[in-house]
Amino acid sequence: MAASNMKDIKRRIKSIESTMQITKAMQLVASSKLRKAKERADNARLFFDTLYDTMCEISRNAPEFSSVFTKKREIRTVLLIVIAGDRGLAGGFNSNILKLAYRRAQEISATGKTVEIVAIGKKSVEYFEKREFTVRAKYSEIAEGISIYESSDIVQTIMGHYMNGLCDSIELFYTSFLNTLTQETKSYVLLPLEVGEITKGGKATGLTEYEPSAEAVFDSIVPGYITGILFGAIVDSFAAEQAARRTAMESASDNAGEIIGELQLVYNRARQASITQEITEIVGGAQVQS
Amino acid sequence: MSAAFKLKVITPEKLFFDGETENIIVRTTVGDVGILAKHIDYVAVLPSGPLKVKMQDGSFRTAAVSGGTIKVSKEGVVILATAVEWADEIDIEHAKRSEEDAREKIKIHTSGVEFDRAQAKLKRALNRINVSRNG
């Protein structure tokens with residue numbers, strides 16, 4: 001019994017060791033990707049914060065102007081943009097954001113409105129293809145190394161839908177990277193822009209010259225702004241995914257180490273027991289002979 | 001010797017320029033605009049075009065801007081652009097390839113969106129080639 005038991009334990013230890021090697025490797029890959037992603041997210045944030053400030057200033061200085069992007073219309077169709085990861089094994093990263101978006105989708109459709117989805121990230125695509133909502137557009141494997149032009153393409157498609165009245169409101173769902181241990185799911189309304197929201201904080205700064213006009217500047221900033229938000233969200237979400245994976249893999253490696261320790265103990269006991277037994281047998285045999 | 005002002009050129013990828021200058025010349029949708037210190041508060045839309053920045057030694061350095069916005073306020077000048085490259089750092093071969101690629105796409109376009117995209121790409125490529133030659 002002891003010999004076969006020992007062999008089994010040895011085999012389990014080996015198998016757990018190789019799993020641990022994989023989780024360790026994934027952890028390292030995630031941390032190096034995280035470093036790059038964090039840098040990109042930080043750089044992007046500066047750009048969009050400034051863009052946002054400019055937009056707020058314009059609407060403060062010229063509050064009575066009208067723009068197609070701020071005008072509210074009757075909401076019949078809501079478009080949800082859901083950003084998730086391309087790969088699993090990142091703890092609750094994918095399921096958290098997908099569940100949040102799904103709940104919101106059910107909430108909207110319960111009020112009699114139509115819900116359509118733009119899925120970004122393979123996991124998001126796979127999830128919503130199996131659900132009851134129409135998937136308007138899907139984008140897989142784009143998050144890593146996404147360029148501003150790629151996100152601009154996505155935004156053009158979405159803006160096209162909005163301008164043509166295919167959807168009346170757009171909401172964005174993504175995970176934000178707070179620090180290496182915390183990621184936060186976020187959602188907010190992308191369009192129509194809340195003028196009240198962007199006018200608050202500070203008052204009119206006086207005379208600013210706009211060329212060609214405040215409306216023209218505003219309308220040309222908005223697509224760039226939305227592109228920016230989307231780009232920022234994708235980059236942010238990618239950083240969050242890497243952080244989540246790093247944490248998940250770290251605890252997986254820790255667990256593996258723990259199990260190996262326990263198994264090693266059991267193995268040593270079994271080994272000792274079998275040696276003791278052998279000695280007893282030898283001693284017993286010798287006594288019988290003499 | 002004129003007064004200097006702060007200039008920031010920001011793209012989504014990086015902070016492209018952060019420093020002081022005495023004069024910049026930038027192409028807006030309504031024409032080239034020169035900006036000196038104490039300019040009136042001003043916001044304008046930028047198409048793809050050149051941006052000239054007066055450097056410390058008094059010479060102008062040119063960069064290719066691929067669309068964006070310029071904002072002038074008391075705190076300084078901020079240019080937000082989708083992409084910016086200094087003239088001497090432009091990969092001319094790459095720009096030429098994008099030009100050919102864009103022309104090809106314009107020829108075979110199947111939808112309005114594709115045409116618009118290809119045209120925007122062509123404009124960016126031509127701007128870069130132009131700036132690289134004259135910068």
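The exercises below, each with a worked solution, concern a predicted model.

**Exercise 1.** Determine the order in which the five strands of the open sheet in chain A are arranged, and find which strands stand at its edges.

*Solution.* Begin with the order, which reads 3-2-1-4-5 in chain A, and note that the pairing within this open sheet is mixed. Next, look at the edges: strand 3 (134–139) and strand 5 (183–191) of chain A each have a single partner strand, so one side of each is left without a neighbour in the sheet. From one strand to the next, the twist averages 20°.

**Exercise 2.** Describe how strand 2 of chain A is joined to strand 3 of chain A, and then find which strands helix 3 of chain A touches.

*Solution.* Strand 2 (residues 114–120) of chain A runs parallel to strand 3 of chain A, and five bridges join them. Within this pairing, Glu116(A) stands opposite Thr134(A), which belongs to strand 3 of chain A. Turning to the helix, helix 3 (residues 122–129) of chain A packs on the sheet and touches strand 1, strand 2 and strand 3 of chain A, while its direction makes about 150° with that of strand 2 of chain A.

**Exercise 3.** Work out how helix 4 of chain A is placed against helix 6 of chain A, and which classes of residue form their contact.

*Solution.* The two helices of chain A, helix 4 and helix 6, pack at an angle of about 120°, and their axes are 9 Å apart. Angles of 65 to 115 degrees count as roughly perpendicular and those over 145 as roughly antiparallel, and helix 4 of chain A is therefore oblique to helix 6 of chain A. The crossing of helix 4 past helix 6 in chain A is right-handed. Among the residues that meet are Ile148(A), Val155(A) and Met159(A) in helix 4 of chain A, and Pro223(A), Leu230(A) and Phe231(A) in helix 6 of chain A. Sorted by class, this contact of helix 4 with helix 6 in chain A has nine nonpolar, three polar and no charged residues.

**Exercise 4.** Find how many residues each chain brings to the contact between chain A and chain B, and which element of chain A gives the largest share.

*Solution.* Chain A brings 23 residues to the contact and chain B brings 21 residues. On the side of chain A that touches chain B, helix 1 (2–61), helix 4 (148–163), strand 6 (209–211) and helix 6 (214–289) of chain A are the elements that give two or more residues. The largest share, eight residues, comes from helix 1 of chain A. Strand 6 of chain A also pairs with strand 5 (residues 42–54) of chain B, in the parallel sense and over three bridges, and Glu211(A) stands opposite Ala44(B) in strand 5 of chain B.

Notes
Residues are numbered from 1 along each chain as its sequence is written. Chains are lettered from A and ligands numbered from 1 in the order in which they are written. This is a predicted model: local features need pLDDT of at least 70, side-chain atom pairs count only at pLDDT 80 or more; totals for chains, interfaces and linings use all residues. Two strands pair if DSSP finds at least two bridges between them. Helices (H or I, at least four residues) and strands (E, at least two) are DSSP runs, numbered from the N terminus. Axes are lines fitted to C-alpha atoms, for helices over the stretch in contact, and angles run from 0 to 180 degrees between N-to-C directions. Two residues are in contact if their C-beta atoms, placed from the backbone, lie within 7 Å. Angles under 35 degrees count as roughly parallel, over 145 as roughly antiparallel, 65 to 115 as roughly perpendicular and the rest as oblique. A crossing is left-handed if the near helix is turned anticlockwise from the far one by less than a right angle, and right-handed if clockwise. Ala, Val, Leu, Ile, Met, Phe, Trp, Tyr, Cys and Pro count as nonpolar, Asp, Glu, Lys and Arg as charged, and the others, Gly among them, as polar.
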